[in-house]
Amino acid sequence: MSYAESFERSLNSPEEFWLEAAESVDWVQAPTQALDDSGGPLYRWFPDGVLNTSYNALDRHVGAGRGDQVALIWDSPVTGSLRTYTYRQLTDEVSRFAGGLASLGVVKGDRVLIYLPMVPEAAIAMLACARLGAVHSVVFGGFAPKELAARVDDAKPKVIVAASCGIEPTRVVDYKAIIDEALDEAEHAPSRLVMLQRAVSPAELGENDIDWADLVADAEAVGPEPVAATDPLYILYTSGTTGRPKGVVRDNGGHAVALTWSMANVYDVHAGDVWWSASDVGWVVGHTYIVYAPLLVGATTVMYEGKPVGTPDAGAFWRVISAHGVKALFTAPTALRAIKKVDPEGRLLADYDLSRFETLFLAGERLDPETLSWASQLLNVPVVDHWWQTETGWPIAANLRGLEPMPVKPGSATVAVPGYDVRILDADGNDLPKGTEGDIAIRLPLPPGSLPTLWNDDERYREEYLTAHPGFYATGDGGYLDEDGYLFVLGRTDDVINVAGHRLATGTIESVLAAHPAVAECAVIGVQDKLKGQLPLGLVVLKAGVEIAGEQLRDDLVAAVRRDIGPVAAFRDVLVVAALPKTRSGKILRKAMRGIADGRDVPAPSTIEDSQVLDDIALLLRAAR
Ligand code: COA
Ligand code: AMP
């Protein structure tokens, strides 16, 4: 089937299209209906389907004769480890860990918070929750205790599964200390903590803590619990425009169907292929394309614990591709920029055999044309940009390599993926002509796999996504479609920034800066960075009469952001300004400041004072560079 046909069918005959796609999943009770629109504008997929996601990711392949195929390769240069699991072994490990969780009282619908670095146990814990019908919430290791506490209070997990530490190039991260601090701060108290003891730095266990090894030693394997397709599989928190993280909900049925469809049609990855997603299980890319999607289709997934450079060198990615015969890699442009910075000629590539490598997929942030051209020339394979969000869980726009490969246009994520009716709207909700920049919106319903709502907060889901353009999901990104239907994503239109492929709300950073006794008001904007795409910059107005040395203020603010949000915010830059430009109603003109920081021409503000303030900021920014 051609792309055009597939796209047209997905929008005009969604029942037929998605029920057919659902046939590639094993159901306890196959769905007879695809879309349930009775609760519109909140939609659900496969309302009468019953299945188990872990069964589809594991047992099913063992039953089909793939038991001895490698399901997961763990490659960890930071610990010098390499471990493989066949589908049979992974099924056994997951079944036993699920039994262990069950022995702690975890049942269908309970939440389990997972705070683990890039170790196989992260996938095992996620799949074990799925096996029980429990809802996991994985939290990224680079967040501070406060952020972890906010997630504990929102998800109210019965159990936490964690590791004693994470390993970063410059330090060992004491996860136990972070958890202890978070639990002191949180109101909700999980009943137990399961601790994976890592040899590098084992943790001291408290009275409610249990060693992972002890838990599984005594555990009985349990089978997959049938759940409704509409039951939640996981909650993944992401940054909103306000400081409070949003719990994106993923269901079981739509997720399994969409991910299976995407592996064949977007990535051209099938049973037996080796696939590597160099992300982190704490992010959506990690959930979808390290754990669930490759296993749902019976592929081999590579899980990598390390950085693109320095572990041991900038050839780390080429080594992994060559050592494991990787067919396709998915990572963020920032990882390539990091490699390019150290090895611009790609000399280290010469040491490795990449003959089985067919495609490089990039997403998570804008792919700059320079990186695209560098990677394409160096690797001599298609370099495919594609665009998606935590909320959708799988690509909205892509070059569909399995369905109908298309020419690459620099700056474009190619075309809307079947199921996504992507529109460019003006502020009044009118469709804009081709080539004109506007809000990127998706006509409802979103396809299977996308978020049905926010955890325990339908109201916030409606407010933040469905009200800007009634009948549409507002992506928060701006861009345009060209004459060929190629989508160009130009960046966020809200106060969300993207630092090294990590999504951050400037509002959260602002609330930390504002708490400093010397700060009268502040604004945080994302400024372009050659390596990380964007970096947060704090513009700070001091309280009248306060005297504080610039260095001291910066050190205080950097330390506060690390303490309250975490190192992942990569906050290092502070500029003291005399005033911030504001609208008549007193709102800070962030868009204008962002424009200036990016070196663009911005419309003149309505008052002379504000023009002056913007000029001053532009001068300071230039001087700071
Ligand atoms: N646990 C604890 N701390 C973490 C962490 C984790 N899992 N991940 C990152 N951090 C820390 C880093 O150690 C660093 O701390 P530092 O300020 O003390 O040095 C800080 O958070 C910032 O991290 P990051 O922005 O990732 O910078 P980096 O220098 O460690 O690595 C890249 C830069 C480009 C190599 C890295 O960001 C990368 O590989 N990115 C790929 C993008 C990606 O995975 N995106 C996910 C969506 S596809
Ligand atoms: P996250 O939810 O963390 O995956 O971040 C999603 C956001 O990252 C999107 O809303 C975009 O702003 C940005 N993004 C992701 N992929 C791309 C891409 N291919 N091009 C441009 N921006 C992207």
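Student: Does Arg401 count as buried or exposed here?

Tutor: In this predicted model, Arg401 has a relative accessibility of 19%, and because the cut-off for buried is under 20%, Arg401 counts as buried.

Student: Where is Arg401 found, and which residues is Arg401 in contact with?

Tutor: Arg401 sits in the loop between β21 (397–398) and β22 (415–416). Leaving aside neighbours within four places in sequence, its contacts are Asn265, Val266, Asp268, Thr359, Phe361, Pro382, Val384 and Met406.

Student: Switching to rings: how many aromatic pairs does a search of the whole structure find?

Tutor: That search finds 32 aromatic pairs. One of them is Phe97 with Trp212, whose ring centres are 3.8 Å apart and whose planes are at 10°, so the pair is stacked. This pair links distant parts of the chain, since Phe97 belongs to helix α5 (residues 87–103) and Trp212 to helix α9 (residues 212–217), 115 residues apart. Phe97 and Trp212 are both buried.

Student: Why is the pair of Tyr480 and Phe488 stacked?

Tutor: The planes of Tyr480 and Phe488 are at 0° and their ring centres are 4.7 Å apart, so this pair is stacked. Tyr480 is partly exposed, with a relative accessible area of 23%, whereas Phe488 is buried, with a relative accessible area of 10%.

Student: Which residues do ring pairs link into a cluster?

Tutor: The cluster linked by ring pairs holds Phe17, Trp18, Trp27, Trp45, Phe46, Trp261, Trp394 and Tyr420.

Student: Which rings have Arg151 or Lys409 lying over the face?

Tutor: Arg151 lies over the face of Phe143, at 4.5 Å from the ring centre, and Lys409 lies over the face of Tyr486, at 4.4 Å from the ring centre.

Student: New topic, the domains. What does the assignment give?

Tutor: The domain assignment gives domain 1 as 3–306 + 386–479 and domain 2 as 500–624. Their centres, taken over C-alpha atoms, are separated by 33 Å, and 19 residues of domain 1 are in contact with 13 residues of domain 2.

Student: In what sense do β29 and β30 pair?

Tutor: Strand β29 (residues 519–529) and strand β30 (residues 533–542) pair in the antiparallel sense over 10 bridges. A hairpin of three residues joins β29 to β30, and Val527 stands opposite Leu535 in β30.

Student: Last one: is His61 buried or exposed?

Tutor: His61, which is found in helix α4 (residues 59–66), counts as buried at 6% relative accessibility. Beyond residues up to four places away in sequence, His61 touches Asn56, Arg66, Gly67, Tyr87, Leu295, Leu296, Val297 and Gly298.

Key
Residues are numbered from 1 along each chain as its sequence is written. Chains are lettered from A and ligands numbered from 1 in the order in which they are written. This is a predicted model: local features need pLDDT of at least 70, side-chain atom pairs count only at pLDDT 80 or more; totals for chains, interfaces and linings use all residues. Side-chain values use heavy atoms; hydrogens and water are left out. Rings of Phe, Tyr and Trp (its six-membered ring) pair if their centres lie within 6.5 Å; planes under 30 degrees apart count as stacked, over 60 as edge-to-face and the rest as tilted. Helices (H or I, at least four residues) and strands (E, at least two) are DSSP runs, numbered from the N terminus. Buried means under 20% relative accessible area, exposed over 50%, partly exposed in between (1.4 Å probe, protein chains only). A charge sits over a ring if NZ of Lys or CZ of Arg is within 6 Å of the ring centre and within 35 degrees of the ring normal. Two strands pair if DSSP finds at least two bridges between them. Domain bounds come from an automatic or database domain assignment. Contact means heavy atoms within 4.5 Å.
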